[in-house]
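Me: I am new to reading protein models. Please take me through this one by question and answer.

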Amino acid sequence: MKKKPIILLTLLLLAGCNNKSKTSEPTQQSDNFFDKFEKLDKTTPFFTFDQVTYYHNDFTSGEFADIIDKEDSISKSEKNLLETITTNLPENLNDIIIINIKNNYPVKIEMPEKDIQFLKDIFQEKYKDRDWSSACVPMYRDVLVFKTRGKITGIAKICFGCWEFSFSGTKAKTGGFGLKNELNNLHKLLYEKLPKGNKSDQ
């Protein structure tokens with residue numbers, strides 16, 4: 001591995017993407033802030049689903065730095081973890097994505113049926129695309145896998161620290177995802193379900 005790019009990536013991650021704890025939330029915006037986003041006339045779901053599996057890795061920035069410090073001695077599994085945590089999803093679903101999620105996200109939670117409609121309300125087109133991007137490099141500690149009758153229909157990676165996200169399996173316009181404090185509501189729903197001792201705020 002080249003040392004300078006790795007150091008730069010590390011600095012970006014440590015400085016720009018400090019993930020929130022279970023009790024904190026992404027920065028909330030005033031209603032006036034959202035007035036500039038044009039609401040779509042018709043809402044379109046990102047995915048069809050009747051089941052959602054939530055995966056989480058409480059991988060910390062410190063642990064990330066420890067792996068990077070190994071330089072050429074980084075193991076294959078550690079390299080795979082770094083790539084899975086930091087890279088966006090491809091547009092189309094494939095088996096490798098699922099394998100990497102299962103291998104690198106140790107916390108697996110089946111979302112209860114009572115939360116499915118809430119998730120359907122969030123994961124759909126509502127607003128036109130955001131016209132800005134995050135200044136930090138995302139660390140995707142949270143992943144949602146959407147299924148219909150047991151078949152995977154879509155995947156979402158989310159970095160609550162950077163307010164960044166990545167989707168696979170949808171042709172919908174996802175740029176308006178998370179507006180109107182919906183990302184805050186999703187963060188609260190998911191992190192309340194995590195086991196005690198989650199350390200991803202470190």
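Reply: One definition comes first: rings of Phe, Tyr and Trp (its six-membered ring) pair if their centres lie within 6.5 Å, and planes under 30 degrees apart count as stacked, over 60 as edge-to-face and the rest as tilted. This is a predicted model, in which local features need pLDDT of at least 70, side-chain atom pairs count only at pLDDT 80 or more, and totals for chains, interfaces and linings use all residues. Residues are numbered from 1 along each chain as its sequence is written, and side-chain values use heavy atoms, with hydrogens and water left out.

Me: Which residues form one aromatic cluster?
Reply: The ring rule above gives a count of 15 aromatic pairs. One aromatic cluster is made up of F46, F47, F49, F123, F146, F165, F167 and F177.

Me: Which residue lies over the face of F49?
Reply: A charge sits over a ring if NZ of Lys or CZ of Arg is within 6 Å of the ring centre and within 35 degrees of the ring normal. At 5.8 Å from the ring centre of F49, the residue over its face is K120.

Me: How many helices and strands does the protein chain have?
Reply: Helices (H or I, at least four residues) and strands (E, at least two) are DSSP runs, numbered from the N terminus. Along the sequence the pattern reads α-α-β-β-α-α-α-β-α-β-β-β-β-α. The totals are seven helices and seven strands.

Me: What is the order of the strands in the open sheet?
Reply: Two strands pair if DSSP finds at least two bridges between them. The open sheet has five strands with antiparallel pairing, in the order β3-β2-β5-β6-β7.

Me: What is the bridge partner of Y55 in β5?
Reply: Strand β2 (residues 51-56) and strand β5 (residues 142-148) run antiparallel and are joined by six bridges. In β5, Y55 has as its bridge partner V143.

Me: Which strands does helix α5 touch?
Reply: Contact means heavy atoms within 4.5 Å. Axes are lines fitted to C-alpha atoms, for helices over the stretch in contact, and angles run from 0 to 180 degrees between N-to-C directions. Helix α5 (residues 95-104) packs on the sheet, and its direction makes about 55° with that of β6. The strands that α5 touches are β2, β5, β6 and β7.

Me: Is α7 mostly covered or mostly uncovered, and how many of its residues are buried?
Reply: Buried means under 20% relative accessible area, exposed over 50%, and partly exposed in between (1.4 Å probe, protein chains only). The buried residues of α7 include L183, L186 and L190, and the buried residues of this helix pack against β2, α6 (116-122), β4 (124-127), β5 and β6. Helix α7 is mostly covered, and its buried residues number eight of 10.

Me: Why does the pair of F160 and Y191 tie together parts that are apart in sequence, and how many residues apart are they?
Reply: F160 and Y191 form an edge-to-face pair, 5.7 Å centre to centre with 85° between the planes. F160 is buried at a relative accessible area of 1%, and Y191 is buried at 0%. Because F160 lies in the loop between β6 (151-159) and β7 (164-168) and Y191 in helix α7 (residues 182-191), the parts tied together are apart in sequence by 31 residues.

Me: Is R149 buried or exposed?
Reply: Most residues other than glycine have a negative phi. R149, in the loop between β5 and β6, has a positive phi of about 50° although it is not a glycine. With a relative accessibility of 76%, R149 is exposed.

Me: Is W163 buried or exposed?
Reply: W163 lies in the loop between β6 and β7. Its phi is near 60°, a positive value in a residue other than glycine. With a relative accessibility of 15%, W163 is buried.

Me: What separates the C-alpha atoms of R149 and F49?
Reply: R149 and F49 are 100 residues apart along the chain. Their C-alpha atoms are separated by 7.9 Å.

Me: What percentage of the residues of the protein chain count as buried?
Reply: The protein chain has 202 residues. Those that count as buried make up 50%.
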